[in-house]
Amino acid sequence: MPRSLNRATIAIAAGRQAPTPDGPLSEPITLASTFHAGGPNGYARDGHPGWAAFEEAIGTLDGGHAVAFSTGMAACSAVLDELPVGATVVAPHEVYMGVRQLLEEAQGGGRLDTRWVDITDTAATLAVTEGADLLWLETPLNPLLSVGDLPALIAGARDLDVPVAVDATVASPMLLRPLELGATWSVHSATKFIAGHTDLLMGVTVTADAREAQRLRHHREIRGATPGALETFLALRGLRTLPLRMERAQANALALAHRLAAHPDVERVRYPGLPDDPGHDRAHAFMDGPGAVLSFEVEGGAQRADAVCHACELFAYATSFGGVESTMERRARWPQERGVPDALIRVNVGCEDVEDLWADLEAALRVSGDPRRQEALGAAPSSRG
Ligand SMILES: *Cc1c(COP(=O)(O)O)cnc(C)c1O
């Protein structure tokens, strides 16, 4: 696969077998736990033709060797669990809550020591990175959507001989390629934009270092965090439309962000696509777009925010993002989420018609502003989630 192809082409063309008469165009689902001896796989925990196709496609997009995992957390763990006991990690305060819990538990058990930092402050981040064993970055951060200066952070960490991992889940491989900036690992929860249809869990870790890729495969093999054949098939099928989905969802997100920012009941919108967002200039410098996830805070606190989520009909009140369907949630409803304003609503802007989405959102803001309706909405059964 020539690397000079545009990524919108790679997403469609990579990860296919050489043409043979009557051979399928797409990698078929192979349901097998074991294979006849003599090939590269042997046993399906060690290798699988579906993984190879998916990994070739993601690896070509990201510019490295991709290793697929059962979930995004397994992809993150494949980097973090291999650090030696007593290693020091530098990580953002606002890191994805699953990774934060993993690091906190490793700290509690005396396995890892984490220095928490505001990664939007490059100088402060590099100051604590000196002498550390890993700099863990995430951009844009989920759910506050702040943007670290990745080129400066990665170059600075390399000068200090500290390897860097970047969780690029919110951006997806269409908008951000950390390996090109010099990171050692790029990590994605493929559950989100890559698969794109809210029907599976998967993860992928990518590295430009062939020996490190071999270590990641070994980790997967002996820990057993292997993706299923159906999931891998669906994730590759989802990847084929990632460029189109991202284009549409991102255009929708930008339009909604502008309209929300102009709405009298909205206190703040966080979205790097807005010209006055603190992450705007950075995102434009090294990302190929601001993405399709935004957060906003509504006047009236948590109760109003819950009421907005329940009043929406097109936006499902559900966690996660990256699917074609629009979803939203009041993020602080999760007890393990920290440092997130109570009234903050994280929105996954999907691929529906933007006028339908805005009509839904505007109506929800209107009815949630009525105190009587608000109480009824707050008592909706799904608020137990
Ligand atoms: C969802 C997510 C993960 C974890 O992925 P799973 O597939 O849910 O295990 C990791 N990092 C970020 C930024 C995420 O949004």
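How far apart are the mean positions of the positive and negative charges of the protein chain, and what surrounds the charged residue D360?

Author: This is a predicted model, and in it the mean positions of the 33 positive and 50 negative charges of the protein chain are 3 Å apart. The protein chain holds 13 helices and twelve strands. Its radius of gyration is 21 Å, close to the 21 Å that the globule rule gives for 385 residues, so the chain is as compact as a globular protein of that length. Taken along the principal axes, the box filled by the C-alpha atoms is roughly 70 × 55 × 40 Å. Of the 385 residues, 53% count as buried, and the accessible surface of the chain comes to about 16100 Å², with 52% of that area belonging to carbon and sulfur atoms. If we consider contacts between residues at least 6 apart in sequence, 70% of them join residues at least 24 apart.

Now for the part itself: D360 lies in helix α12, which covers residues 354-368. D360 is buried and yet has no salt bridge, for the nearest side chain of opposite charge, that of R366, is 9.4 Å away. When its neighbours within four places in sequence are left aside, D360 is in contact with C312, E313, L314 and F315.

Key:
Residues numbered from 1 in each chain as written. Predicted model: local features only at pLDDT ≥ 70, side-chain atom pairs only at ≥ 80, totals over all residues. Heavy atoms only, no water. Helix = DSSP H or I, 4+ residues; strand = E, 2+ residues; numbered from the N terminus. Rg over C-alpha atoms; globule rule 2.2 N^0.38 Å. Buried < 20%, exposed > 50% of the residue type's maximum accessible area, 1.4 Å probe, protein only. Contact = heavy atoms within 4.5 Å. Areas by Shrake-Rupley, 256 points an atom, 1.4 Å probe, with all protein chains shown as cover. Lys, Arg positive; Asp, Glu negative; His and termini not counted. Charge placed at Lys NZ, Arg CZ, Asp CG, Glu CD. Salt bridge = Lys/Arg side-chain N within 4 Å of Asp/Glu carboxyl O.
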